[in-house]
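Visitor: I would like a close look at a single part of this model. Please take the domain interface, and begin with the pairing of strands on one side.

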Amino acid sequence: MLCNWQSATLSRYTQAFVEPIQLGSLKHKQRQGLYLEIRFRDGRLGRGEIAPLPGFSEETLAQAEQQITDYLQGHVQRKLYPSVAFGIDCAMAGLPPSTPIVSGYPLLNGDLAYCQQVLDSQSGNLAKLKVARQSPKQDLELIQQLQHSYPDLQLRLDANRGWIWNQAIFVLENIDLSRIDYIEEPLMNSQQCELLAQRTGVGIGLDETLQDSSYRYHYFEGLRCLVIKPSLLGPWRTCASIIDQAQANQVSCVLSSAYESEFGLQWINAMAKQYTPEQAPGLDTLKAFSEQAAQIELIGEFQHHS
């Protein structure tokens with residue numbers, strides 16, 4: 001894949017979060033990843049980010065670092081980890097356009113006061129709300145309050161597979177679903193999503209389901225959106241293939257971040273302009289990071305031996 005490169009540099013970055021972030025079952029105070037810089041024989045420069053997301057990626061950062069190191073040393077890899085494949089594809093594409101990272105809609109979590117503060121500071125009528133982090137009763141009350149206070153607000157809910165069937169039914173049957181774009185991954189048992197759509201009429205968004213290595217695109221009535229995290233899926237061609245299949249069924253696709261650094265977000269922003277120009281990407285994770293500069297540590301420099 002990198003047949004025409006001349007030299008490469010691999011670095012590790014560490015960037016603190018403003019507050020600890022819940023990723024899977026653990027809270028993390030900082031984000032770590034790798035920067036890959038490639039110089040090609042024709043003088044061009046390419047840069048990519050390799051940043052497995054703890055609790056979601058199949059590979060750890062240590063495994064990704066070992067694999068890309070082996071790769072740059074000329075050892076053939078049968079299958080690249082998703083984060084490594086994504087980082088290499090980015091580097092092969094050159095440098096990302098340095099356009100400002102602007103998320104199409106805000107990410108809400110926490111209590112009503114916080115949500116109101118975010119909504120009152122922005123002009124749009126679309127927001128994404130994290131649910132299933134408190135009791136279903138509290139989630140229901142918050143959604144009802146938001147729908148009452150903001151009559152024009154459209155919500156995208158994201159449960160991260162946090163509800164069982166009865167909890168999802170309890171919330172969805174007591175809110176105005178005409179103002180819910182869709183709900184991402186509502187159920188612990190994702191096989192029941194199609195039934196949930198049939199029962200309630202809610203639109204379904206899939207996110208974590210796409211990261212299963214056995215996932216193959218499958219349309220069902222009520223499937224509204226695929227939330228695609230490119231750095232967790234791997235090669236750009238995988239993202240492009242899924243988008244093509246989904247769009248044939250009028251299923252929208254939203255490219256979304258997985259707490260990459262600003263550099264990785266620039267690449268996802270560029271991919272969104274290329275593959276999903278009609279849909280604003282979900283890139284609102286940048287504000288989770290401290291304004292302190294990331295610590296960057298050189299891991300190694302590599303020469304291509306042809």
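Guide: Two strands count as paired if DSSP finds at least two bridges between them. Strands here are DSSP runs of at least two residues, numbered from the N terminus. The model is a predicted one.

Start with the hairpins. S2 and S3 make a hairpin with four residues between them. Glycine 43 sits in that turn and has a positive phi of about 95°. The two strands pair antiparallel, over six bridges.

On its other pairing, S2 meets S1. These strands also run antiparallel, and 14 bridges join them. Serine 11 stands opposite tyrosine 35 of S2. The hairpin of S1 and S2 has two residues between the strands. There, glycine 24 takes a positive phi near 65°.

Now place these strands in the whole. The domain assignment gives domain 1 as 5-98 + 290-303 and domain 2 as 107-288. Into the contact go 28 residues from domain 1 and 23 residues from domain 2. The domain centres, taken over C-alpha atoms, are 26 Å apart.

What area is buried between domain 1 and domain 2? The value is about 2,100 Å², and carbon and sulfur atoms give 68% of it. Which elements of domain 1 give two or more residues to the side that touches domain 2? They are strand S1 (5-23), strand S2 (26-40), strand S3 (45-50) and helix H2 (82-92).

Next, the polar side of the interface. Eight residue pairs are in polar contact across the interface of domain 1 and domain 2, with both residues at pLDDT 80 or more. The count of salt bridges between domain 1 and domain 2 is zero. In the whole structure, a search finds 13 salt bridges.

One of these joins aspartate 158 to lysine 130, with the closest N and O atoms 2.9 Å apart. Aspartate 158 lies in strand S6 (residues 154-158) and lysine 130 in strand S5 (residues 126-130). The pair links distant parts of the chain, 28 residues apart. Side chains of opposite charge can pair when their charged atoms come close.

S5 and S6 are themselves paired. Five bridges join them, and they run parallel. Within this pairing, lysine 128 has arginine 156 in S6 as its bridge partner. Both strands belong to an open sheet of seven, ordered S4-S5-S6-S7-S8-S9-S10, with parallel pairing. At the edges are strand S4 (107-108) and strand S10 (252-255), each pairing on one side only.

Notes. Residues numbered from 1 in each chain as written. Predicted model: local features only at pLDDT ≥ 70, side-chain atom pairs only at ≥ 80, totals over all residues. Heavy atoms only, no water. Domains from an automatic or database assignment. Contact = heavy atoms within 4.5 Å. Buried area = accessible area lost by both parts, 1.4 Å probe. Salt bridge = Lys/Arg side-chain N within 4 Å of Asp/Glu carboxyl O. Polar contact = N/O pair within 3.5 Å; in protein donor to acceptor, adjacent residues only side chain to side chain.
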